[in-house]
Amino acid sequence: MKALSRTRRAVAALLLLATAATAWLMMQEALRSVVAASHDDVVFNPGYQHSQRLKVAAARAAMDVLGMTGGGKEDAAAGYQADYRLQRTQIQADSEGLERWAAHDSHRQGLLLEIRASEAELKMALDQAAGSAASSAGQAQVPLMAALNRAESAFSNYAASLTEPTQALTTHYMFAAPVLVWWLLILLWIELAALAWLMFTAECLS
């Protein structure tokens, strides 16, 4: 009986270790799947894509304006002008896309309002710097670099808000976890059942 009792204790200890190891592996795998899924949701979020493209287009448009007005060669100036028109078209397209997406993003209306205001200021500064007829003589001069910095900050703040951990729907990701997580969960239940049976039979024999 003593030998049997020692064997049961050894088996129970091994089961406890196996259960702890299985639970740890399951949580690590589930956490990895949640992080990966959350990252994909951020990267492929339409609002995130629009804000990132706006950052690039705004910076390139400002660089093109400086190149156009820098007094360089005519062929270089023509290249800057062509790229400037392209970037302005890109800014307009992504602005409209972000506006459409804003209807589905009620939690970030303050950030979106700042994007609208800073973008309008940036467009005015670009028009003034490029000498466009769209900028009226009665408007106050808007410094280009200050307007660009404000717009870039607005785009960055909106993109950063999409990476907040509180926005991740972890329950949804857990149900979409890889097959390995479910096999580990089944193994964990088997180990717990074996441990419970071992303890129950030990009580009955004592």
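1. First, the ground rules. Residues are numbered from 1 along each chain as its sequence is written, and side-chain values use heavy atoms, with hydrogens and water left out. Because the model is predicted, local features need pLDDT of at least 70 and side-chain atom pairs count only at pLDDT 80 or more, while totals for chains, interfaces and linings use all residues.

2. The protein has 7 helices and 0 strands, where helices (H or I, at least four residues) and strands (E, at least two) are DSSP runs numbered from the N terminus. Along the sequence the pattern reads α-α-α-α-α-α-α. Of the 206 residues, 33% are buried, that is, under 20% relative accessible area; exposed means over 50% and partly exposed lies in between (1.4 Å probe, protein chains only). Among contacts (heavy atoms within 4.5 Å) between residues at least 6 apart in sequence, 76% join residues at least 24 apart.

3. On confidence, pLDDT is the predictor's own score for each residue, from 0 to 100. Its mean for the protein is 74, and 57% of residues reach 70 or more. Among the elements, α4 has the highest mean (92) and helix α6 (residues 170-175) the lowest (42). Over residues 165-177 the pLDDT is below 50, and this stretch has 15 contacts in the model beyond near neighbours in sequence.

4. A helix pair to look at is α2 (residues 46-68) with α5 (residues 144-161), which pack at about 165 degrees with axes 9 Å apart. Axes are lines fitted to C-alpha atoms, for helices over the stretch in contact, and angles run from 0 to 180 degrees between N-to-C directions. The angle therefore makes α2 roughly antiparallel to α5 (under 35 degrees is roughly parallel, over 145 roughly antiparallel, 65 to 115 roughly perpendicular, the rest oblique). Residues making the contact include Ala58, Ala62 and Leu66 of α2 and Leu148, Phe155 and Tyr158 of α5.

5. Finally, which residues does glutamate 114 touch, leaving aside its neighbours within four places in sequence? They are Arg150 and Ala154. Glutamate 114 is found in helix α4 (residues 109-130) and is partly exposed, with a relative accessible area of 29%. Its C-alpha atom is separated by 9.0 Å from that of arginine 150, 36 residues apart along the chain.
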